[in-house]
Amino acid sequence: MWDRGKHSYAMVEATVSKRCEYVGLISSNIKFLNETQLDDNSYLSGIYPPGKLRKKEFKPIQVRVIEYIIEQP
């Protein structure tokens, strides 16, 4: 499990290349494109490499996004 703000394309790529699963918290200011809506209201999106790696034709990594809000009393 990764804490908010402690993620990167390189970390995700290294994790999935070892066939591991992970959970990462993402700040609310980071937005994912809803590429495929799933029946449970989660959706599939992608994590994209930084600019230099995009130019080298690295592909986005597909992720499942589960949005939630923690309400404080």
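This is a predicted model: local features need pLDDT of at least 70, side-chain atom pairs count only at pLDDT 80 or more; totals for chains, interfaces and linings use all residues.

1. Setting aside neighbours within four places in sequence, Ser45 is in contact with Phe32, Leu33, Glu35, Ile61, Gln62, Val63 and Val65, where contact means heavy atoms within 4.5 Å. Ser45 sits in strand 2 and is buried, at a relative accessible area of 1%. One of the residues that Ser45 touches is Leu33; twelve residues separate the two in sequence, and their C-alpha atoms are 5.7 Å apart in space. On the terms: buried is under 20% relative accessible area, exposed is over 50% and partly exposed lies in between, with a 1.4 Å probe and protein chains only.

2. Residues are numbered from 1 along each chain as its sequence is written, and side-chain values use heavy atoms, with hydrogens and water left out.

3. For the overall layout, the chain has two helices and three strands, in the order α-β-β-α-β from the N terminus. Helices (H or I, at least four residues) and strands (E, at least two) are DSSP runs, numbered from the N terminus. Of the 73 residues in the chain, 19% are buried. Among contacts with a separation of 6 or more, 27% join residues 24 or more positions apart.

4. Which residues make up the largest nonpolar core? The eight are Trp2, Tyr9, Val12, Tyr43, Ile47, Ile61, Val63 and Val65. Such a core is a set of buried Ala, Val, Leu, Ile, Met, Phe, Trp, Tyr and Cys residues joined through side-chain atoms within 4.5 Å. Helix 1, strand 2 and strand 3 each supply at least two residues of this core, and strand 3 gives the most, with three.

5. Tyr9, in helix 1, counts as buried because its relative accessible area is 9%. Tyr9 and Pro49 are 40 residues apart in sequence, yet 5.5 Å apart in space, C-alpha to C-alpha. Tyr43, not counting residues up to four places away in sequence, touches Phe32, Leu33, Asn34, Thr36, Gln37, Leu38, Val63, Arg64, Val65 and Glu67.

6. Helix 1 also holds Thr15, which is buried at a relative accessible area of 16%. Beyond its neighbours within four places in sequence, Thr15 is in contact with Trp2, Cys20 and Tyr22.

7. Now the largest pocket, which has a volume of about 1100 Å³. The closest to its centre, of the 29 residues that line this pocket, are Gly24, Leu25, Ile26, Ile66 and Tyr68. Helix 1 (9-17), strand 2 (43-47) and strand 3 (61-65) are the elements that give two or more residues to the lining, with the largest share, four residues, coming from strand 3. A pocket here, on a 1 Å grid over the protein atoms alone, is an open set of points where a 1.4 Å probe fits, with protein on both sides within 12 Å along at least five of seven lines; lining residues have an atom within 4 Å of a point. Grid points are joined across faces, edges and corners, and the volume is the space filled by probe spheres set on the points.

8. By class, the pocket lining has 18 nonpolar, five polar and six charged residues. Here Ala, Val, Leu, Ile, Met, Phe, Trp, Tyr, Cys and Pro count as nonpolar, Asp, Glu, Lys and Arg as charged, and the others, Gly among them, as polar. Gly24 lies in the loop between helix 1 and strand 1 and is partly exposed, at 34% relative accessibility. Gly24 and His7 are 17 residues apart in sequence and 7.4 Å apart in space, C-alpha to C-alpha.

9. Finally, please check two backbone angles. Most residues other than glycine have a negative phi. Arg19 has a positive phi of about 60°; this residue is in the loop between helix 1 and strand 1 (36-37) and is exposed, at 79% relative accessible area. Asn41 has a positive phi near 75°, lies in the loop between strand 1 and strand 2, and counts as exposed at 65% relative accessibility.
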